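Please keep the sequence and the structure at hand while reading.

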Amino acid sequence: LGDSSGADSPGRTVVRAAASVVRQHRANAWSVLSVHAEHIPGETDQSEGKGGEGMVSVYFADTVDQQYVRRIWVPEGAQRQAFLPFRMPVSIPRSEGSIELQMASIEVGEGDREVFRRTDGDPLTDSILLSVDHDPVKTMAIYRRHYINEDDRMVRPDTDAVTTLHVARQSAKLSTNVTSYQEDFLPPWPEVYQQYHTMVLCGDRLAHDAAGFAAIRGWLRDGGRLWIMADRTPPSMISAILGNRHDLTMVDEVELDRYTIESPQRRSGDVIIDDCEFEEPVRFVRMATDRDDITATVNGWPAAIWFPFGEGEVLVTTLAPRGWVAEFEELPTEALREMMTRFFRVPEGGLDPELMQTAVTPEIGYSIPSRSFAVSLLAACCGCMTVAGLFLARRNQLEHLSWIIPAIALVTTGVFISTGLANSTSVPPTIAAMEVNRVLPGTNEVRTEGLAAIYDSQSRQVDWEAKGRQWAIPVPPSDGEVRRLIFLDDDTVLPANATTAAGSVGTARLSAETTSATPQAVTAHLGPDGLEGRFEGENRMVPSDAVIVQASMPGLSVTPGDNGQLTAPAENVLAPGEYIAGG
């Protein structure tokens, strides 16, 4: 603990966190804070030109043992901006509109010594009040930057898009709460966007943010829904997002003061017609496409086009936002109402950690005594009691059963305990992991999610490290010890003070996003021996037990060959409900 009130204090690094990135947070989801770090040189600073290192730690009052830390180095006299991911509590009552997050600013001294510097009278920790969002569908919008015009006035170029999005949410019986992101760069982790179900992209804000752009694609691939307003988003941005799914050719741009929107109703198939007339013409980008998933047209041209993207969907609208709303009233057109019914539908599915744990835990090598062993031991116990009872009955000494029966029970219990200890302690420390790799067809992006089960016969500290924005987050045991999840400058995630619990199986969540030099793909054709092909791509992933799955049809197991070759003859057809050749 240091005092910073003196005039001759050495240089120090002050790191603080603020809730300026995400205004509202959702329970049981990852979120993110902004981090501001500043190095303040001192008169007696002996590290001239080296700067300093500091960190900020945040935690909730009910879970002090789980802390999230951003450690950052700052050049001398400079300032830096960064992000700090953290996870919201599992459940927050709907009556609670906010929750308090504790924050501690720490300076890192020589030998990684942690120093709390404060002015007399100031507390060691501060608090951040986080607003909690209980909406069933959460939306984030990335608008174009505000700018100052020649009259020195702030101009918000997308006010019509803001209004249209509010009307769209109201048409789906949702609140108008929308997170409007105004920072220059986005957090680079897809996990922190999982609290959002939908997202709106309006402009080219992501054009120069490669890390944030990749994170948004990762979020989209995992089941998000993205609405791109093509009248103000450059075609290059749309192409970069959709990749090989891109099937749009811009023809021209027109201004319309009178037009008709036709959209098929999803339930009945009837065509809904909106006749629109505006005093101020509405911008419309005419695009040609071969896509057949078009849910709205304007004068015969596509106005709302849907694209699949991994487990998510992309909606591209070519009509300016205000063209979907009545001119003088904030009322949606029937086309917008029908379109938003699909856009705001919460996707189901996703990986269930509990199911993954059920699959991984049995892979740990320790064994549980079989039922036959337990039955035999209990039968022997009962047999000994019976024999002892008959013997003592003949001698009229049944009173001795008062100590013989407990003795036999204690011996049986001792055999059970010794057998269990022998089985558990005979296994070395073991990690069993399950990974699911999602490959976006035709691209070089691979999204990995998984779970690791960790077993150790004794309690000990474990050193974890995940690099390159990959996450390996162990679930801490409930032993009251303080554990930290530290995010470093080189994108390393370092769980500090992680330990194993003796004789029990712990778990750790795994996630990563990797990029290969060439796209990962499978090419195949029908040959004389059935389906024949090969796994393509540099560092290609060749599974040892692959299966081809089609809707409403049995699976077809794949036999791997040399150099990435594969065959799938007709006799490899699996029984209904089977997905592994072994059973």
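## Arginine 283

Beyond its neighbours within four places in sequence, R283 is in contact (heavy atoms within 4.5 Å) with D231, E253, V254, E255, T318, L319 and A320. R283 lies in strand β19, residues 271-288. Helices (H or I, at least four residues) and strands (E, at least two) are DSSP runs, numbered from the N terminus.

The side chain of R283 makes a polar contact with the side chain of E253, at 2.7 Å. A polar atom of the R283 side chain also lies 2.5 Å from the backbone oxygen of D231. A polar contact is a pair of N or O atoms within 3.5 Å; within protein, one must be able to donate a hydrogen and the other to accept it, and residues adjacent in sequence count only if both atoms are side-chain atoms.

R283 counts as partly exposed, because its relative accessibility is 28%. Buried means under 20% relative accessible area, exposed over 50%, and partly exposed in between (1.4 Å probe, protein chains only).

## Basis of the model

This is a predicted model: local features need pLDDT of at least 70, side-chain atom pairs count only at pLDDT 80 or more, and totals for chains, interfaces and linings use all residues. Residues are numbered from 1 along each chain as its sequence is written, and side-chain values use heavy atoms, with hydrogens and water left out.

## Arginine 232

R232 and R283 are 51 residues apart in sequence, and their C-alpha atoms are 9.7 Å apart. R232 sits in the loop between β17 and α3. At 13% relative accessibility, R232 counts as buried.

The R232 side chain makes a polar contact with the side chain of D160, at 3.0 Å. Outside four places in sequence, the contacts of R232 include R144, P157, C202 and A320.

## Helices α2 and α3

The axes of α2 (residues 210-221) and α3 (residues 235-242) come within 10 Å and cross at roughly 55 degrees. The two helices are therefore oblique to each other. On the α2 side, F213, R217 and L220 make the contact; on the α3 side, M237, A240, I241 and L242 do.

## Buried side of α3

Which residues of α3 are buried? They are M237, I238, I241 and L242. They cover an arc of only 120 degrees around the axis, so they lie on the same side of α3. The arc is that of the directions from the helix axis to the C-beta atoms.

These buried residues pack against β16, α2, β17, β21 and β22. After α3 comes G243, with a positive phi near 60 degrees.

Note on methods. Axes fitted to C-alpha atoms, helices over the stretch in contact; angles between N-to-C directions. Parallel < 35°, antiparallel > 145°, perpendicular 65-115°, else oblique.
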